[in-house]
Amino acid sequence: MADISDSAARAARDLRVVFSRLRRRIREVAQDADLSPSQESALTLVGKHGAATASALAAAEGVRPQSMATTLAALERHGLIRRAPDPDDGRRQLVTLTDGGRARIEGNRQVREEWLARAFEDRYSEEERQTVLAALELMERLSRP
């Protein structure tokens with residue numbers, strides 16, 4: 001990293017650490033005791049992808065198909081997903097959310113957003129919140145290709 005400034009290296013390191021901690025904290029806020037982190041993640045993934053095969057979900061999650069099958073079976077037992085034959089290929093099944101699965105995802109999203117908004121309200125002054133908003137505008141550049 002000879003051609004990278006000390007400030008750029010420190011910003012990268014510190015940002016990664018802070019984002020990792022914040023992501024973990026946000027997950028904890030809405031995490032239900034009856035689902036494992038991998039089940040929560042898979043449920044969210046099904047919600048994002050819509051109807052998908054177990055193998056496509058496994059690839060998207062970076063896990064083995066057998067692991068995803070186990071995770072999906074648990075979500076199905078909780079009544080959060082359903083499986084139906086793929087109309088294009090009867091040998092495969094498509095996984096979708098049930099109404100309960102959609103409600104759970106939306107409820108978790110709302111709880112997380114409320115927690116984060118309350119944390120900003122309680123822990124930062126208006127001036128600090130404006131500084132965070134300005135920094136986020138700058139950070140947006142990192143997310144662009």
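Which backbone oxygen lies 3.2 Å from a polar atom of the side chain of Arg 129?

Modeller: This is a predicted model, in which local features need pLDDT of at least 70, side-chain atom pairs count only at pLDDT 80 or more, and totals for chains, interfaces and linings use all residues. Residues are numbered from 1 along each chain as its sequence is written, and side-chain values use heavy atoms, with hydrogens and water left out.

The backbone oxygen is that of Phe 120. Arg 129 itself belongs to helix H6, residues 126-143 (helices are DSSP runs of H or I with at least four residues, numbered from the N terminus). With a relative accessibility of 17%, Arg 129 counts as buried (buried means under 20% relative accessible area, exposed over 50%, and partly exposed in between, with a 1.4 Å probe and protein chains only). Apart from neighbours within four places in sequence, Arg 129 is in contact with Phe 120, Glu 121 and Tyr 124 (contact means heavy atoms within 4.5 Å).

Two of these partners, Phe 120 and Tyr 124, also meet through their rings. A pair of aromatic rings is described by the distance of the centres and the angle of the planes. A search of the whole structure finds one aromatic pair. Its rings, those of Phe 120 and Tyr 124, have centres 5.4 Å apart and planes at 35°, so the pair is tilted (rings of Phe, Tyr and Trp, the last by its six-membered ring, pair if their centres lie within 6.5 Å; planes under 30 degrees apart count as stacked, over 60 as edge-to-face and the rest as tilted). Phe 120 is partly exposed at 26% relative accessibility, and Tyr 124 is partly exposed at 37%.

Helix H6 also has a part in the largest pocket: helix H1 (6-30), H2, helix H5 (99-123) and H6 each supply at least two residues of its lining (on a 1 Å grid over the protein atoms alone, a pocket is an open set of points where a 1.4 Å probe fits, with protein on both sides within 12 Å along at least five of seven lines; lining residues have an atom within 4 Å of a point). H5 gives the largest share of that lining, ten residues. In total, 35 residues line the largest pocket, and Phe 19, Leu 22, Arg 23, Ile 26 and Leu 116 lie nearest its centre.

Definitions and conventions:
A polar contact is a pair of N or O atoms within 3.5 Å; within protein, one must be able to donate a hydrogen and the other to accept it, and residues adjacent in sequence count only if both atoms are side-chain atoms.
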